[in-house]
Structures are given as structure tokens and as C-alpha cells.
Amino acid sequence: MDAIIPYKEILQMYWEKATSFVNAQCNGLEPWQLIGLTFSSTLISVWLHGFLFQSESLTSRTKKQFFKLLRKMPFIGAIIQKKIDEALNDVTSSLSFLKDEKDYIKALPEKGMSQPEVLEKMKEYSSKGDVRWQDGKVSGTVYSGEEKLTHLLVKVYEEFAWSNPLHPDIFPGLRKMEAEVVRIACTLFNGGPNSCGAMTSGGTESILMACKAYRDLAYERGIKQPEMLVPVSAHAAFDKAAHYFGLKLIHIPLTKAMEVDVQAMRRAISKNTAMLVCSAPQFPHGIMDPIEEVAELAVKYKIPFHIDACLGGFLIAFMDKAGFPLKRPFDFRVKGVTSISADTHKYGYAPKGSSVVLYSDKKYRSYQFFIAADWQGGIYASPSVAGSRPGGIIAACWATLMHIGESGYVEATKRIIKTARFLESELRKIDSIFIFGKPEVSVLSIGSDTFDIYRLSNFLAAKGWNLNVLQFPSSIHLCITQLHTKSGVAEQFLKDVKDSIEEIMKDLNAKTTGMGAIYGMAQSVPDRSLVAEISQAYLDSLYSTDVPCSEKHMNGSPGHH
């Protein structure tokens, strides 16, 4: 205690000096002035805190405001708008689904069509488009397409077409099917006896539900501004969740191997961190994040940890038995993993509109649920975003799992991974391109230091291929499905890549056109709101019922002048 006395005296001396200084400054001020100064300074402090500490960073908001003011300047704004109009026209001309549409149905037919007439019209619509996914020239999109499975799913959907899991008392069999799908998934990902989950409409909703659960858990823990730490390679659904649920999204950079930087994630952890995220694998480059290392952070700091396995979940669960064991574990066997999202409608081969979100313990799932206890219509409770849900999709998902079985999934995984490894090996032999990182699953991302990789995308598109175009860095990827395992498809892809590169190398300075040029332009634009504006026009086009013409943009609205 005696050792503390000198420090106590020093503190007391400084305190007396501080109070004397403040009293001197307030000397001569009336009481109402002191109250006014206190009140105004408090208001300013509260405003300043609210201004500085928002879900969106001050830097990002400053940039947005700067570009907004720039666009309002008379001369500069006109130039920017002209460039936007040109970009919109370029996008319009590149959208194949708007071409050759001569008319649209814009009102109900006065008299209903007969069933044969409806089916004939349906055939007309289903035959539209130039891309034939059945030939195996599309990246991802359709993961099975097997004819016998399609016939089974049609029969199952017919049986459950009018069912709705919102009414388990009326459709008890459907409730049992959904519960079994979730339990099967928990078993596949090595969940314990307390593991649980729910079915959703797709990967995005599965991710949204996990984020909503951890946000509400963070609120309960007293975190007023929850943050989630997400790799820059993670799915954009996490950005959507942050936007919908008021979460602050902190993007974590990648290493040269295209894995999330664990040390950067550790440095980003704060008292506001509500969840950590890894991908297994991530969509852009097909790389597995270092889940075990991040799980150690989750355990150490007591933070929920979500694994996004939406893309490859139903591959990686069978890779060990297929003879392609992964280098690192990824599921509930890893201490610290609290939730996993996996799409049954991808490599689970169920029809579109089904996914699962799983939790290591029921205590996490309870935060996902929504309950309105005081509604006049009765107590309303739903497990996910939707209220009513299509029972036919749930039944078809259940039927797919039952029909294919473990042996079927293992064999399908074996074919897909074998094809992926073959393609990776052959593509790495081509000097002018490279593969990003060391992909272990089914996605191969291609880049080039020699030419604009988007030119390769254009050349392959001309040969009937439909690949995913990526950015930051510029690249294209092929997501391998069962369709690519058909005889000759992989070999044809390699031939077309080699032939295309041979043509590209003849003129390295040739200008990139089409969607490749648009992506190249989009990456170079510092004002990301301009890119968003063009993207909004694309979304408008999805609902367009106007016949395309040169004077109109894709959404049917007059051009900006």
C-alpha cells in the first residue's frame, strides 16, 4: 500500500490543476450558460458518436457523398451520364434473353386455354434460348439433369403439389419428410445428438437465417452494433444479410493461396463480433478456407462460427468415401463450428428451391425462429423467412435423397472429382493461363497474365460454352457437374480452350467486347454506385414486357438525356 501513495499524490495534484483550470474558464458564467453549454456539448457528442460509428464505414460514406456531388456538377455530371447511357446500351445488346421477343402476354386471356394449348405454349417457352445445358457446356446451374430422376420428381411433386408445411396437422407426412431431410443432413455433417436445423428455399436463405440467428444472439449478449467477419471470397448472401438485418460486414482479405487470412481475421475481432465465417469451398475459386484455424479463434473468443458449404456441401461430405479425402476437416467434428449451410438443390441433386441450415445445438436455432405471439389471427410462428412454403419441393428433395442413397452420392462424387482433377491437370499445362490456388473440390478458376481473360470467355461463348465471369481479380470459372462427366465433354472443353487461346495469341492487343468488356469496365470504376445503377437496370430487364428497340433501355424506360 505504501508504494501506491506517491502515485496517489501525483494524481491528486493533476486533478487539482484540472479542476482549477475548468473553474477558471467558467469564472463569470451564469448558471443558465453552464447548463446550456453542458446540454449542447452532450448533444454534439451524441451526434458525433452516431456519425462516426455506423454499420457503414466513414470512408465508404465519404466516397459515396463525393461521387454523388460530382454527378451533380453540370459539365462533369453530363459526361458521366453519357457514359452510363452507353454502358446501359452495351448491357442491353448483350442480354440474349431479350432478343427476338416479338410479343408478350400482358393480360389474362378472356377465355381460359385448354390443357393441350397451355402445354403447347409451355413447350414454346421452354425451347427459348441458345444455350443447351443438356450438352454439358454450362458452368454449374444444372447439377444432375438425369432423365429418370426428373420423371420421379414430377410424380412426387404431383402427389404433394397442394401441400404446405405451414399446416403440419393437415400434412403430417410432409412434416416427417422435412424433419428427416434435416436429420439426414445433420448425420452427413457429423452433428451430435443436439444438432438440428431447418430447410430453406436455397443457399441465400440458409445464410440469411444463420446471420439472423447470430445477430439476435449478439443483441441478447448486449452487443448493440453486431459485426460479422467474412472473407472477401464468401458468397454475396452475407452482404445481403448485412443489408437486410443491419449488421456491419467486415471483409477479411485472402492469402496468395486464395484462402482467408486467419491472422487478419484475428486482428479484426472486437467486442462487437457476432459471427465468423468460412467457406467449404468458396464460390469464386473453389478453395477450402482453413476452417480448423478459424475454429480455434471461435473457441478462444466464444464467437459463433458458420461454415458456408452451400456450393459443395453434398460433395465434400462424400469425398472421403469416394477416394478423395480432403486435407482438413470441415464439419461439426471441428470444435467451434456452430452452423453449416448446404444446398440440397446443387450436388444433392434435388430440384431448385431447397437447402438446409444446420446448427450444432438447438440453442442457436431458436434465434432463427420468428414468433408473433399477439397477432389477432392467432399465435404465428415460422422457422424461416417464408410462411407458406411449397410442400412439393420438400417432398421432391426427400425423394431425391431416398432414391440416390449413399452409394449413389459416392459414385457421383467420384466421377465429378475425377473430372475436376483431370481438367485441372491439363489446364495447368497451358502456358498462357493459370489456375487460382489449389482447388480441392469441383470449381476451377482460370486467370491469365498474358491476355485479357475475358477474351477467352467470349471465344468459349462463341463455341457454345457458358462460364461464370468473375472479378477482383479478373477470372472465369467452370463449376463441374454430373453433365461434365459425360464421355467427351471434358476433352471438348480442353480442345476449345486451346483453340481459343491460339486465336487470342495471334492478336494480344485486340479489344475485348461484349460482357467481358462490361466486366472489365465495371472493375475500373471507382464509383461503385454507377455499377449498381447498371445492375439495377439488368434486374429491371428481368421483368420487361416491352419489345426491345434501339430507343429504349432494357427495362423499357426511356433513356436518360
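1. Axes here are lines fitted to C-alpha atoms, for helices over the stretch in contact, and angles run from 0 to 180 degrees between N-to-C directions. Helices (H or I, at least four residues) and strands (E, at least two) are DSSP runs numbered from the N terminus. The model is predicted: local features need pLDDT of at least 70, side-chain atom pairs count only at pLDDT 80 or more, and totals for chains, interfaces and linings use all residues. Residues are numbered from 1 along each chain as its sequence is written, and side-chain values use heavy atoms, with hydrogens and water left out.

2. Helices α14 and α16. The two axes come within 10 Å and cross at roughly 20 degrees. That makes α14 roughly parallel to α16 (angles under 35 degrees count as roughly parallel, over 145 as roughly antiparallel, 65 to 115 as roughly perpendicular and the rest as oblique). The crossing of α14 and α16 is right-handed; a crossing is right-handed if the near helix is turned clockwise from the far one by less than a right angle, and left-handed if anticlockwise. On the α14 side T419, F422, L423, E426 and L427 meet A490, E491, F493, L494 and V497 of α16 (contact means heavy atoms within 4.5 Å). By class, the residues of this contact divide into seven nonpolar, one polar and two charged. Ala, Val, Leu, Ile, Met, Phe, Trp, Tyr, Cys and Pro count as nonpolar, Asp, Glu, Lys and Arg as charged, and the others, Gly among them, as polar.

3. Helices α15 and α16. Helix α15 (residues 453–462) packs on α16 (residues 489–505) at an angle of about 120 degrees, and the axes are 9 Å apart. The pair α15 and α16 is therefore oblique. The crossing of α15 and α16 is right-handed. R455, L456, F459 and L460 of α15 make the contact with F493, D496, V497, S500, I501, E503 and I504 of α16. Seven nonpolar, one polar and three charged residues take part in the contact of α15 with α16.

4. Helices α6 and α14. Helix α6 (residues 147–159) packs against α14 at about 140 degrees, with the axes 9 Å apart. This pair, α6 and α14, is therefore oblique. The crossing of α6 and α14 is right-handed. The contact is formed by L149, L152, L153, V156 and Y157 of α6 with G392, I393, A395, A396, A399, T400 and H403 of α14. The residues in the contact of α6 with α14 are nine nonpolar, three polar and no charged.

5. Nonpolar cores. A nonpolar core is a set of buried Ala, Val, Leu, Ile, Met, Phe, Trp, Tyr and Cys residues joined through side-chain atoms within 4.5 Å. Buried means under 20% relative accessible area, exposed over 50%, and partly exposed in between (1.4 Å probe, protein chains only). The largest core has 93 residues, of which L276, F305, L427 and F493 touch the most other members. Helix α14 (residues 391–427) gives the most to this core, with 15 residues. Another core, of 27 residues, lies apart from it and includes C196, L208, M209 and A242.

6. Surroundings of F305. With neighbours within four places in sequence left aside, F305 is in contact with Y214, L276, V277, C278, I291, V294, A295, A298, G336, V337, T338 and S339.

7. R389. This residue is found in the loop between β9 (380–382) and α14. At 14% relative accessibility, R389 counts as buried. Residues up to four places away in sequence not counted, R389 touches S163, N164, P165, E178, M199, P383, S384 and I394.

8. Backbone points to check. Most residues other than glycine have a negative phi, and most peptide bonds are trans. The A280 to P281 peptide bond is cis, with omega near -5 degrees, and P281 lies in the loop between β4 (273–279) and α11 (291–301). F472 and P473 are also joined by a cis peptide bond, with omega about 5 degrees; P473 is in the loop between β12 (468–470) and β13 (475–479).

9. Positive phi. N190, in the loop between α7 (172–188) and β1 (196–200), has phi near 60 degrees. N190 is partly exposed, with a relative accessible area of 34%. K302, in the loop between α11 and β5 (305–308), has a positive phi of about 55 degrees. At 65% relative accessibility, K302 counts as exposed.
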